[in-house]
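Have the viewer open as you read.

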Amino acid sequence: MSDRRATARADARTSPLLAEVRDGLSARPRTLSSRFFYDHRGSLLFEQITRLPEYYLTRAETRLLERHMPAQLAELLPESLVELGAGGGGKTRIILDAAHAHGAVPTWVPIDVSAEFLAESAATLRATYDWLAVRPIVADFTEASLNLGHRVPRPALFAFLGSTIGNFDTPDAVALLSRVRAAMHLGDRLLLGVDLRKDPAVIERAYNDSAGVTAEFNRNLLLVLNRELGADFRPEHFDHHAPWVSDRSRIEMHLVSRSAQVVRIPGIDDVHFEQGDSIRTEICCKYDRGSVESMFASAGLRLDCWLEDERDGYAIVLAAPFVSALEG
């Protein structure tokens with residue numbers, strides 16, 4: 001073993017980020033986590049994506065929330081909104097406004113890995129709602145149990161929107177939903193956004209927009225690795241490719257090497273690409289009612305309410321904890 005390779009392996013052992021990238025790029029197929037998308041520039045690009053004519057998901061989910069949340073929250077009257085992932089924008093406000101209109105004064109509990117983002121979101125919503133208590137939690141809910149302690153008044157509405165559940169394959173999605181179920185009490189509900197199966201051409205257009213914003217968003221991941229790890233990816237040498245994979249009912253986003261090239265990342269061995277080699281950067285699973293109910297059942301949840309936007313084939317779903325005879 002050369003000194004250089006010994007050093008590389010030692011560096012990868014001591015840096016979780018470097019080890020994750022090393023493992024992903026040495027796997028077949030090569031993969032990189034979609035969480036690398038969301039630096040400041042990536043977040044701005046994604047905001048652009050949500051406004052593109054091809055990207056129906058945000059518009060459909062917003063319509064459903066505006067149409068149905070007032071009636072749903074009049075029944076639930078949540079004492080807290082536990083939001084998984086980045087929040088604080090328009091959809092969060094729709095939920096808070098609907099709850100408050102019916103006399104609830106919910107505590108907002110956003111959970112995200114970024115302390116900086118949480119601080120910014122908390123400051124924005126505190127300035128908007130003088131009645132709102134904000135209790136942010138810095139955590140990676142995709143990998144660890146939700147340790148909510150006594151910070152969450154009940155009943156609670158857990159919200160996981162944007163069809164973000166689709167970024168996980170079924171076993172990982174069930175594991176995530178199981179962690180949410182473990183944090184729920186009787187009377188709590190989970191609000192989940194899911195994109196539904198439809199004409200694949202419609203879905204493909206949403207991830208291959210004519211303006212090229214999604215392509216730029218995808219390649220931005222490489223700039224993040226250059227900055228964070230000192231890598232020398234040249235994003236212009238990779239093409240965005242996002243095909244529909246019919247046997248898995250999902251979109252797969254890839255970066256495809258335009259030519260043979262070598263990428264150097266300090267701390268790990270050089271990464272060699274041939275023309276046409278790809279890195280999978282994201283999956284976006286699509287659902288029907290049966291597949292959602294199956295995931296819920298595996299996670300200890302039961303479908304409570306299914307609300308569908310038939311125009312764009314999108315649904316928001318309310319789920320309740322399944323209570324066994326022993327628990328009841």
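## How helix α8 starts

At the beginning of α8, a side-chain oxygen of aspartate 199 comes to within 3.0 Å of the backbone nitrogen of alanine 201. Keep in mind that this is a predicted model.

## The buried side of α8

Helix α8 runs through residues 200-207, and its buried residues are Ile203, Ala206 and Tyr207. Why do they end up on the same side of α8? Because they cover an arc of only 90° around the axis.

Threonine 214 belongs to helix α9.

Leaving out residues up to four places away in sequence, threonine 214 touches Ala206 and Tyr207, along with Ile49, Asp209, His240 and Met253. Ala206 and Tyr207 are also on the list of buried residues of α8.

## Two nonpolar cores

Tyr207 turns up again in the largest nonpolar core, which has 64 residues. Together with Leu191, Phe233 and Ile265, Tyr207 touches the most other members. Which helix gives the most to this core? That's α4 (residues 57-76), with seven residues. In soluble globular proteins, nonpolar side chains tend to be buried together.

Phe233 is worth a click. Not counting residues up to four places away in sequence, Phe233 touches Leu25, Leu222, Leu225, Asn226, Phe238, Val263, Ile265, Phe273 and Ile279.

## The whole chain

Zooming out, the protein chain has ten helices and 15 strands. Its radius of gyration is 21 Å, close to the 20 Å that the globule rule gives for 328 residues, so the chain is as compact as a globular protein of that length. The C-alpha trace spans about 65 × 45 × 40 Å along its principal axes.

Buried residues account for 50% of the 328. Of the contacts between residues at least 6 apart in sequence, 70% join residues at least 24 apart. The accessible surface is about 15,300 Å², with 50% of that belonging to carbon and sulfur atoms.

Technical notes
Residues numbered from 1 in each chain as written. Predicted model: local features only at pLDDT ≥ 70, side-chain atom pairs only at ≥ 80, totals over all residues. Heavy atoms only, no water. Core = buried A, V, L, I, M, F, W, Y, C linked by side-chain atoms within 4.5 Å. Buried < 20%, exposed > 50% of the residue type's maximum accessible area, 1.4 Å probe, protein only. Helix = DSSP H or I, 4+ residues; strand = E, 2+ residues; numbered from the N terminus. Contact = heavy atoms within 4.5 Å. Arc of directions from axis to C-beta. Polar contact = N/O pair within 3.5 Å; in protein donor to acceptor, adjacent residues only side chain to side chain. Rg over C-alpha atoms; globule rule 2.2 N^0.38 Å. Areas by Shrake-Rupley, 256 points an atom, 1.4 Å probe, with all protein chains shown as cover.
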